Amino acid sequence: MAAPEPAPRRGREREREEESEDESDILEESPCGRWQKRREQVNQGNMPGVQSTFLAMDTEEGVEVVWNELRFSDRKAFSAHEEKIQTMFEQLVLVDHPNIVKLHKYWLDACEARARVVFITEYVSSGSLKQFLKKTKKNHKAMNARAWKRWCTQILSALSFLHACSPPIIHGNLTSDTIFIQHNGLIKIGSVWHRIFSNALPDDLRSPIRAEREELRNLHFFPPEYGEVADRTAVDIFSFGMCALEMAVLEIQANGDTRVTEEAIARARHSLSDPNMREFILSCLARDPAHRPSAHNLLFHRVLFEVHSLKLLAAHCFIQHQYLMPENVVEEKTKSMDMHAVLAEICRPGRPPVQWRYSEVSCMELDKFLEDVRNGIYPLMNFAATRPLGLPRVLAPPPEEAQKAKTPTPEPFDSETRKVIQMQCNLERSEDKARWHLTLLLVLEDRLHRQLTYDLLPTDSAQDLATELVHYGFLHEDDRTKLAAFLESTFLKYRGAQ
């Protein structure tokens with residue numbers, strides 16, 4: 001009897017290994033060498049109309065990103081509008097929100113045969129919301145109400161940010177395919193740039209931009225007035241309402257047709273058992289755009305109130321000033337507490353008071369809640385938070401054209417996008433007692449520890465040092481004032497003691 005031949009299996013395994021190695025091949029590098037384009041293509045939905053999207057590696061941070069290419073066939077038209085394209089991208093890089101896919105970097109690549117814009121965006125590895133809902137539907141009949149509230153709050157927080165810009169940024173392509181979810185429950189909206197590109201680019205450069213309504217399965221996400229009147233923020237509210245409905249029922253049946261019908265949408269609406277949820281969604285789906293609420297007002301809807309406002313405000317204040325506290329401050333504080341002591345009390349005339357003790361607060365749940373707030377899962381929407389300013393016109397010099405895949409010319413310094421959650425500083429006298437040696441430890445929000453050393457001169461000020469760290473990309477611009485105040489207090493403490 002002949003023995004079975006295992007060779008074909010080994011052959012298939014070898015082929016898969018070779019395919020995996022091919023996908024990891026580096027096809028191209030950015031002019032600075034930081035971003036490495038791979039062969040593997042991804043469908044991240046960042047911008048319909050981008051001809052090529054590849055997986056890439058950020059060699060500085062050690063994370064995967066998306067390499068997007070927007071190609072132009074008319075080289076002369078591209079050259080004529082090159083300055084306008086640069087200005088547009090400089091402004092888009094400034095859009096920074098925890099629930100929006102981040103655009104990290106861009107550069108122009110123009111030669112005799114072609115012209116293209118390459119831009120690097122954040123990679124969300126857990127896939128789109130539509131993919132997640134399909135997986136969930138296999139095991140559950142309905143979405144968990146708590147998860148639904150979290151997702152709606154994060155999407156509305158991003159839309160409120162975009163709509164509050166001056167001028168307002170209209171997404172215009174919000175579907176469950178352009179919303180992504182991370183493993184920690186953080187929602188990211190992609191495809192934000194498509195409408196800006198299609199509106200800002202001149203007519204002779206719009207050919208690379210495809211219409212977003214090409215896919216019939218997504219037609220129901222667009223309001224009745226779409227294409228007939230000028231875009232307003234109400235367009236995004238209608239699309240959000242459809243996304244919220246799909247999240248609630250997991251899937252809107254299409255009866256085998258590629259297009260979702262009005263009857264299927266009506267059945268999905270009637271299947272909602274929570275009257276507050278139904279009223280919330282129906283207000284977004286109003287046929288008259290003037291009757292749809294704003295994203296900011298929807299954040300105040302009673303159906304989304306999951307966390308008490310005072311608890312949310314306290315958590316955000318804690319996160320904002322965490323750089324002044326040790327990393328394990330929650331654990332250390334709870335050790336010294338009397339767990340039977342009363343934390344809060346509600347007095348009731350004629351009846352015993354309602355008391356809440358420290359023992360009723362789980363430290364692990366508190367740490368998890370603070371981590372969720374830090375990740376942006378619970379945005380601060382119930383208070384007069386700072387509204388985004390108008391996107392300024394960046395006056396930086398235009399980037400040099402990349403003549404080949406990699407050039408030795410270094411790129412300008414990158415700006416730091418991560419914020420500091422903890423700061424530690426130490427000053428020591430040099431041996432000759434002539435100067436101070438500064439050691440600064442910064443813990444960033446992704447837990448990266450950054451240690452910096454510097455020999456202080458008598459003329460150095462805390463403000464100048466903080467400004468220099470921002471300039472060289474070691475510090476987020478928003479942390480400049482905090483670091484300057486922290487350094488100033490440290491200088492006074494050590495120099496005063498001497």
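How many aromatic pairs does the structure hold? In this predicted model, six such pairs are found. Among them is the pair formed by Trp148 and Phe280, whose ring centres are 5.7 Å apart and whose planes meet at 80 degrees, so that the arrangement is classed as edge-to-face, planes over 60 degrees apart being counted in that class. Because Trp148 belongs to helix α5 (residues 145–163) and Phe280 to helix α9 (residues 275–284), this contact ties together parts of the structure that are 132 residues apart in sequence. Trp148 is buried, its relative accessible area being 1%, and Phe280 is likewise buried, with a value of 0%.

Phe280 also takes part in a pair with Phe240, in which the ring centres lie 6.0 Å apart and the planes are at 85 degrees, so this pair too is edge-to-face. Since Phe240 is located in helix α7 (residues 233–249) and Phe280 in helix α9, the pair ties together parts that are 40 residues apart in sequence. Phe240 counts as buried, with a relative accessibility of 0%. The ring of Phe280 is thus paired both with that of Trp148 and with that of Phe240.

Aromatic pairing is also found in a cluster, where ring pairs link Phe89, Tyr106 and Phe119. A contact of another kind, between a charge and a ring, involves Lys37, which lies over the face of Phe54 at 4.3 Å from the ring centre.

Technical notes. Residues numbered from 1 in each chain as written. Predicted model: local features only at pLDDT ≥ 70, side-chain atom pairs only at ≥ 80, totals over all residues. Heavy atoms only, no water. Phe/Tyr/Trp six-rings, centres within 6.5 Å; stacked < 30°, edge-to-face > 60°. Helix = DSSP H or I, 4+ residues; strand = E, 2+ residues; numbered from the N terminus. Buried < 20%, exposed > 50% of the residue type's maximum accessible area, 1.4 Å probe, protein only. Lys NZ or Arg CZ within 6 Å of the ring centre and 35° of its normal.
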